[in-house]
Amino acid sequence: MIFSQTGHRRRNLRLNTISAPVETTFHFILILFSLFCVIPFLFVIIISFTSEDSIRQIGYSFIPQSWSVQAYQYVFKLGDVLWRSYFNSFLITTVGTVLSVLMTLMYAYPLFRRDFKQRQFFNFLSFFTMIFGGGLVPTYIICKNVLGLSENYAALIVPMLLSPFNVIIMRTFLQTSVPTELIEAATIDGSGEYNTLFRIVMPIVKPGVATIALLNALAYWNEWFLALLYIRQNTSVIPLQYLLMKMQRNADFLAKNSHLLGAEAANIAVNLPSQSLKMALVVLIVVPIACAYPFFQRFVVAGLTIGSVKG
Amino acid sequence: MRAINPSLSRRPTSMVSSKRKKALLLCSMAAPGAIWLLLLRYLPMFGIVLAFKDYRAFKPNTFWNNIVKSEWLGFKNFDFLFKSPDTGRMIANTLLYNITFILLGLVIAVAFAIMLSELTNRFAAKTYQTLMFFPYFLSWVVASYFLLAFLDSTSGMVPNMQKLAGQEVIDWYQSPGYWPAILVGANLWKNIGYSTVLYLAAITGIDRTQYEAAAVDGATKWQQIRHVTLPNLRTMIIILFILNVGKIFNADFGLFYNVPLNSGSLYSTTQVIDTYVYRAYMNSGSIGMSSAAGLLQNVVGFACIIAANSIVRRFDPDSSLF
């Protein structure tokens, strides 16, 4: 009975498809756009392995005259500034992600509890910031002058700790996966509120926590705007993205700012394969994302769809 | 594990106090987030008075003291703003870019999502989706290097090809006329994958029997798309549309600042409100003007989102945001 039903359904589905020429056209369009999306990255990888001579001769090209790993050798030679900002990026991403996930979960959990009277108030508190704000300049001045977010790691972490959008995603995750009876049962068994959240609720909403963690980790890894605003002199805390941005404007930023001996620094600055070097840095910044991408993609898709379906 | 709450044994009086305790504990959980919101989102809202003041330093040089002692200017900052010839340009740019992004983004993403859902080869569909979503996870700094690889005036691929073909070489970063197309392309490149994924998820959620019933009734594939898929996507299209209309005065700073490499000769087509506020403050230090522009942006944006939402609520209460 069941078997014949599914057989019938399958036949029906096969009949009910678009015609072959139309499907070929769809493939063609989608392949074209997919290539448009990834080719720039492949191109930059090729440039990073192109010899400086070839760039001087024919410019950036998909088929360079000669290949070279010189750019990457210089990346390792130019040590400190670069590694420092690589380290900064990792530090900011790790600390920022842990803190922001904790804060988002702890803010979303009371909002999900129907028996929590002040729920409406806290809900409005975060929702209102989604539709109105103080604007760039007042926010900047308050952060810098009143909250002391200037020239330090805190300036790169604190302004992104909470996002009302993520609170909504987290709350929706809680609503769809944690039954109210479970909370009531835990309370009757004498479990304190914090105990309930971290020992009972958290294991259930692991996918939600993972989604928020990934979104936040990506936001911190890709962050350059906060550095542009709040870091003016202290180059020892700048993240990789901002270093890359500075190098766009002055090519020998790296050589000038590394703590090498005078003669050696000058020597390196002269022989710097500056063009392929920049592209090598772009590759180094994208590689962690590209490697993790196949794994985190489905989490992000799940999170975005759950969060957007019911805003 | 923690010991069982002793108050449980003394029922009548403890019910009230345990309820209060529970509310207090839940409040304490929300406290870090609430404090963060108050300090980083609500406190700056008071900074809005900057738009009406002639902010300067006094003794002692603290922010609150300066604000209190600064002279009130009324709407003078706004007068200056509207007299400046750049203002109309940047508002027009912001609106035109955003309208283009919203319309193109909507049409292309819905089209892509429908195409992906109709492919019989699921592996290919999955692969296209993965490739299209990739740019969404990169920053505008990285994207600006990608573009530079093609357009750089000395080594970029396009100028070199033009040279080889004997054509006139275009200096892209000095020619504002090309940038509307480039910026629209860049925005689609980065964001289409995201909205495609959202629409595709909505399409996957549609009950398959609706299509089968339509097919039995003799509907062609195109009629099914028109009468089953699109009506089912309506709610999501409306929600994303309101969200975008509410942000119509906000531009993506990274796109307009980094992708044109902050090039001054491109301002006529790349200057938007967000970049103007940043440059007016950081480069010329005019707190009043930039606060005024920022406030204008927020108030109009607020009005837009409220208006969009109430229009939607009139026609389709289920799709409204609040």
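**Helix, domain and chain contacts in a predicted model**

Colleague: Which residues of α14(B) do Asn77(B), Phe78(B), Phe80(B) and Leu81(B) in α3(B) meet?

Modeller: This is a predicted model, in which local features need pLDDT of at least 70, side-chain atom pairs count only at pLDDT 80 or more, and totals for chains, interfaces and linings use all residues. Residues are numbered from 1 along each chain as its sequence is written, with chains lettered from A and ligands numbered from 1 in the order in which they are written. Contact requires C-beta atoms, placed from the backbone, within 7 Å, and helices are DSSP runs (H or I, at least four residues) numbered from the N terminus. The partners in α14(B) are Gly288(B), Met289(B), Ala292(B) and Ala293(B).

Colleague: Why is α3(B) described as roughly perpendicular to α14(B)?

Modeller: Axes are lines fitted to C-alpha atoms over the stretch in contact, with angles from 0 to 180 degrees between N-to-C directions. Angles of 65 to 115 degrees count as roughly perpendicular. The axes of α3 (residues 76-83) and α14 (residues 287-315) of chain B come within 9 Å, and the crossing angle is roughly 80°. Therefore α3(B) is roughly perpendicular to α14(B).

Colleague: How many residues of chain B are in contact with chain A?

Modeller: Chain A contributes 81 residues to this contact. On its side, α2(A) supplies the largest share, 15 residues. The number from chain B is 81.

Colleague: What distance separates the centres of domain 1 and domain 2 of chain B?

Modeller: An automatic or database assignment sets the bounds, giving domain 1 (6-72) and domain 2 (76-319). Taken over C-alpha atoms, the separation of their centres is 35 Å.

Methods:
Two residues are in contact if their C-beta atoms, placed from the backbone, lie within 7 Å. Helices (H or I, at least four residues) and strands (E, at least two) are DSSP runs, numbered from the N terminus. Angles under 35 degrees count as roughly parallel, over 145 as roughly antiparallel, 65 to 115 as roughly perpendicular and the rest as oblique.
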